[in-house]
Every structure is written in structure tokens, then in C-alpha cells.
Amino acid sequence: MQREDAEVGEIARRIGYQLRRVDMLSMELLHEMMSDVGVPPGRATALVYIHLHPGCDQAELGRVLGINRASTMAAVNGLVALGAVERRPGRDRRSNALHLTAQGQALRDEVTRIMAEHETSIFGSLSDAERTDLFRLLLKVRDSHTAIVPQAPSTRRAILRRIK
């Protein structure tokens, strides 16, 4: 890492740069770990959301994840193809209510386990106190910007944009 940091010079001393590098490493590892169950991280997030909000529709899911309708449909179609999600009649004739199947519940359990394992792997070099501090500080930064920046439309407040 020090060699890479030396190559980019003073930029390496920026918190944002280091956050982005950690994010890249983290997402690369998470993609690798999730490949064992055939679910990319974005779809894993959708799976967890559907578990927490049974009966949500695709429009709500896309809004929360901050992705367009076509990407939402691709994500849901992928989860349906895996047998993890089923579409049921929604609140009107134009919408579908999304529900996890029994297979989807088992997959969600596995995805949750992998995510916990991933977090331990990425942040294992930190003590419990350091992890708590890092989490608190990151939330503080997010909250400070939420308070001063006008709320963006929900389609721009993505939980995770990498859905495919």
C-alpha cells in the first residue's frame, strides 16, 4: 500500500481517497465471497430489503436502492430465477408484491452470514473499540451532510448502486 500511496502523492493523505480505496478492496472481496452463492452484493442487498419489507413492490425497491426501473427489474428477475423471490399480486393491477420463498429465506440467511464474515475480514485489524469509533465517525460525517444538503430525490440516495 505504501508504494501505491507514494505514487499518487499528496492525494493519498486525503480521507476520501483512503475511503475509496478501502471501498474498492471491500467490494472486490465481497463480490468474490458472494460468488459462492451466486448473488452479487447489490442483489444481496435487495434480498435483505425484501426480507425486511415483505410485499414491497419493484418501484419501492428501486427507489430505496437508488437504481432505475430496468436495473430493478433485472435484479428482481435474477432473484426470481434463483427461486429466491416470488411475485404476487400487488396493491393494484400494475404492481407486484415481492416476497421471499423458503429458498429465498435460506439464501438470505447465507448472505447475511457472508456479509458478517466479510465485515470481520475487512475490519479485523481494528479492535472492537476502533470499529465502534470508525462506525460512529462515519455516521457523524453522513449525518452532518444530510443536515446541510437539501434532501436529494430518493432515487439518488442509493443504499448500493452496484446492483447487477
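This is a predicted model: local features need pLDDT of at least 70, side-chain atom pairs count only at pLDDT 80 or more; totals for chains, interfaces and linings use all residues.
Student: How many residues does α2 have, and what does it reach from first C-alpha to last?

Tutor: Helices (H or I, at least four residues) and strands (E, at least two) are DSSP runs, numbered from the N terminus. A helix's expected span is 1.5 Å times one less than its number of residues. With 21 residues, α2 reaches 30 Å from its first C-alpha to its last, close to the 30 Å expected. Helix α3, residues 41–52, agrees too: its 12 residues should span 16 Å, and its end C-alpha atoms are 17 Å apart.

Student: Why is α3 called largely enclosed?

Tutor: Nine of its 12 residues are buried, so the rest of the structure largely encloses α3. The buried ones are P41, G42, R43, A44, T45, A46, L47, Y49 and I50.

Student: And what covers those buried residues of α3?

Tutor: Look for contacts, meaning heavy atoms within 4.5 Å. The cover includes α2 (15–35), α4, α5, β1, β2 and α6 (102–123).

Student: In which sense do β1 and β2 pair, parallel or antiparallel?

Tutor: Two strands pair if DSSP finds at least two bridges between them. Here β1 (residues 85–89) and β2 (residues 96–100) pair over five bridges, in the antiparallel sense. Together β1 and β2 make a hairpin, with six residues between them. To get your bearings, find P89, which stands opposite N96 in β2.

Student: Let's zoom in on E86: where does it lie?

Tutor: E86 is in strand β1. In a regular strand, side chains alternate between the two faces of the sheet. E86 counts as partly exposed because its relative accessibility is 31%.

Student: Which residues is E86 in contact with, leaving aside its neighbours within four places in sequence?

Tutor: E86 is in contact with A97, L98, H99 and T101. Take A97: this residue is 11 residues from E86 along the chain, and their C-alpha atoms are separated by 8.2 Å.

Methods
Residues are numbered from 1 along each chain as its sequence is written. Side-chain values use heavy atoms; hydrogens and water are left out. Buried means under 20% relative accessible area, exposed over 50%, partly exposed in between (1.4 Å probe, protein chains only).
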